[in-house]
Amino acid sequence: MSLYQVQQCLFDYLRALEDPTQAAKPEIRVDGYDLDDAEREALRTGDVGTLYAMGTHPVIINGYCRAMGYKRADYRPLLEKAVDPEPRRTRWQTS
């Protein structure tokens with residue numbers, strides 16, 4: 001599992017949505033990213049709870065959900081159903 005690749009895929013998708021020449025919302029593309037089958041499936045199906053449980057950054061989750069048309073109250077229950085993500089440490093934190 002590569003959380004970085006999942007987040008990069010979502011980030012690239014959000015940037016693609018900003019293209020003013022697009023007439024319709026494009027499909028998310030998972031080709032070209034080093035993803036396992038579970039990650040590919042979560043991205044293709046838009047499974048926000050699974051993406052959150054993987055540890056995807058909350059800002060990326062928020063942007064993705066807003067782009068999909070969810071309001072905060074709509075996707076909050078999806079996050080609550082998911083297991084809490086693993087605690088992360090920043091590089092300046094010690095043990």
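User: In which helix is R44 found, and what makes a stretch of chain count as a helix here?

Analyst: R44 is found in helix α2, where a helix is a DSSP run of H or I with at least four residues, and a strand a run of E with at least two, numbered from the N terminus. This is a predicted model, in which local features need pLDDT of at least 70 and side-chain atom pairs count only at pLDDT 80 or more, while totals for chains, interfaces and linings use all residues. Residues are numbered from 1 along each chain as its sequence is written, and side-chain values use heavy atoms, with hydrogens and water left out. By these rules the protein has 5 helices and 0 strands, and its elements run α-α-α-α-α from the N terminus on.

User: Which residues does R44 touch beyond its sequence neighbours, and what counts as a contact?

Analyst: Contact means heavy atoms within 4.5 Å, and R44 touches I28 and V30 when residues up to four places away in sequence are not counted. The C-alpha atoms of R44 and E27, which are 17 residues apart along the chain, are separated by 8.3 Å.

User: Why does Q7 count as buried?

Analyst: Q7, found in helix α1, has a relative accessibility of 16% and therefore counts as buried, since buried means under 20% relative accessible area, exposed over 50% and partly exposed in between (1.4 Å probe, protein chains only). Of the 95 residues of the protein, 32% count as buried. Q7 and I61 are 54 residues apart in sequence, with 9.1 Å from C-alpha to C-alpha.

User: What makes M68 partly exposed, and which residues does M68 touch?

Analyst: M68 has a relative accessible area of 29%, so M68 is classed as partly exposed. M68 lies in the loop between α4 and α5 and, leaving out residues up to four places away in sequence, touches Y13, L17 and K25. Between M68 and K25, which are 43 residues apart in sequence, the C-alpha to C-alpha distance is 9.3 Å.

User: Why are α1 and α4 called oblique to each other?

Analyst: Helix α1 (residues 3-17) and α4 pack at an angle of about 40°, with their axes 10 Å apart. Angles under 35 degrees count as roughly parallel, over 145 as roughly antiparallel, 65 to 115 as roughly perpendicular and the rest as oblique, and α1 and α4 are therefore oblique to each other. At this packing, Q7, L10, Y13, L14 and L17 in α1 meet I60, G63, Y64 and A67 in α4.

User: How do you know that α4 and α5 are oblique as well, and which residues meet there?

Analyst: The axes of helix α4 (residues 58-67) and helix α5 (residues 72-81) come within 10 Å and cross at roughly 125°, and α4 and α5 are therefore oblique to each other. I61, N62, C65 and R66 in α4 meet R72, Y75 and L79 in α5.

User: What makes a set of residues a nonpolar core, and which members touch the most others in the largest one?

Analyst: A nonpolar core is a set of buried Ala, Val, Leu, Ile, Met, Phe, Trp, Tyr and Cys residues joined through side-chain atoms within 4.5 Å. The largest such core has 20 residues, of which V6, L10, L43, L51 and I61 touch the most other members. At least two residues of this core come from each of α1, α2 (37-45), α3 (48-54), α4 and α5. Setting aside neighbours within four places in sequence, L43 is in contact with V6, C9, L10, I28, V30, L35, L51 and Y64.

Technical notes
Axes fitted to C-alpha atoms, helices over the stretch in contact; angles between N-to-C directions.
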